[in-house]
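Notebook open, viewer loaded. I want to look up the domains first, then the charged side chains.

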Amino acid sequence: MLGSILVFLLVLSILVIAHEAGHYFAAKKAGIWVEEFGFGIPPRIWGKKVGQTIYSINLLPFGGFVRLHGENREEEITKTKKAFLTKSKKVRAGVVIAGVVMNFLLAIIAFTIVYSFSGIPRQTKDVRILDVAANSPAQEAKIVAGDIVKKVDNQDITTTQAFINAVEERKGKKIQLSIQRDGSVQKISVTPRENPPDDEGPLGVIISSTEIYFPPIWQRPFVGIYYGFKDALFWGNTVINGFVKIFAEIFSGKVPTEVSGPIGIFALTSEAAKVGILTLINFIGILSVNLAILNIAPFPALDGGRLLFIALEGILGRKVLPKAENMIHAIGMVILILLLLAITAHDIQRLMVTGSISGFIQSFLK
């Protein structure tokens, strides 16, 4: 349990520090005074001033923060040219968005590392049997994992969908499969079930036309970046659709079942760490995309909320009063904390009902 907690805190810190580093570097480039870059949540237990910035370690050892000069209140500004609030809308928007951009970059880096070591997936024209269910027609016909399906009756098979369609059309009828095994092709007769179990198909096989290949070592990071970027976009789209579904359920009076808080993330992180370092790194990439999408949402206290006020400034032709904006962000933070507590309570209840982390994850993924 202690190891799982440490891994969870490390993962959370990587995500938040990367996010805050985006704000930090963007602010530095824009000439904004970064008063403090802290690791962990205050109170501060150690700090060292380098130049004009204090680099600190704080008591609660997860996450981090960046404190910019003149970020919230004009009356606190002592260096007008180096204050966040005195910068142009474009500069302030860039600093706000930088955290989200950094999380996407972290996700791409994580996915790139995974692809560089685990190989690159690519489509082939070989439909390969990956697994055979017990007591299924495929097992009775002595079809084994590793077999390649070349034909169903006289129909050439080059895609998984073609195989699925061919078998579905012939349920209840004896068919002949041309199977490639050990370099030779043999004919196997089998009858697909008309009413297979819910978790099995008519034949009871798991198939794939994807293979893993390893480019030359020097090419892997570049190919990995390409696939990592595609994965970041894929997960970004998935997360957005997930949030849309959650809000739709909330507004329709339903309790969202596919949302989880710190307890759920802790459980998933623990399981990912048990599988291996690459699985954990891949999970960090997925979480980083989630954090980016969540932060860019136009809700007070989030980066998207701050971006919304900058946009309103452009529309209205003047700034929203900092005091009013701070009050709205404070209310938004309270709402977020209450929502987080409600989600956490739901996670704890689910964990108690299932009785274990693995049971909790299975209930969450259903």
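This is a predicted model: local features need pLDDT of at least 70, side-chain atom pairs count only at pLDDT 80 or more; totals for chains, interfaces and linings use all residues.

Domains first: I get 40 Å between the centres of domain 1 and domain 2, taken over C-alpha atoms. The assignment puts domain 1 at 88–118 + 226–365 and domain 2 at 122–213.

Next, salt bridges. I find 13 of them in the structure.

I started with E36. Its side chain meets that of R67 in a salt bridge, 2.6 Å from N to O. This pair links distant parts of the chain, with E36 in strand β1 and R67 in strand β2 (residues 53–68), 31 residues apart. E36 also bridges to R44, where the closest N and O atoms are 3.0 Å apart.

Is E36 buried or exposed? I have it as buried, because its relative accessibility is 4% and the cut-off for buried is under 20%.

Then I checked E211 and R122. They form a salt bridge with the closest N and O atoms 2.8 Å apart. Here too the pair links distant parts of the chain: E211 sits in strand β8 (residues 205–213) and R122 in strand β3 (residues 120–132), 89 residues apart. I logged E211 as partly exposed at 31% and R122 as partly exposed at 39%.

Last, the surface. K28, K49, K79 and K82 form a positive patch. K49 has 56% relative accessibility, so I count it as exposed.

Methods: Residues are numbered from 1 along each chain as its sequence is written. Side-chain values use heavy atoms; hydrogens and water are left out. Patches are made of residues with over 30% relative accessible area and no salt bridge: like charges are joined within 9 Å, nonpolar side chains (Val, Leu, Ile, Met, Phe, Trp, Tyr) within 5 Å. Accessible areas come from the Shrake-Rupley method with a 1.4 Å probe; for residues, only the protein chains shown count as cover. A salt bridge is a side-chain nitrogen of Lys or Arg within 4 Å of a carboxyl oxygen of Asp or Glu. Lys and Arg count as positive and Asp and Glu as negative; His and the chain ends are not counted. The place of a charge is taken as NZ of Lys, CZ of Arg, CG of Asp or CD of Glu. Buried means under 20% relative accessible area, exposed over 50%, partly exposed in between (1.4 Å probe, protein chains only). Domain bounds come from an automatic or database domain assignment. Helices (H or I, at least four residues) and strands (E, at least two) are DSSP runs, numbered from the N terminus.
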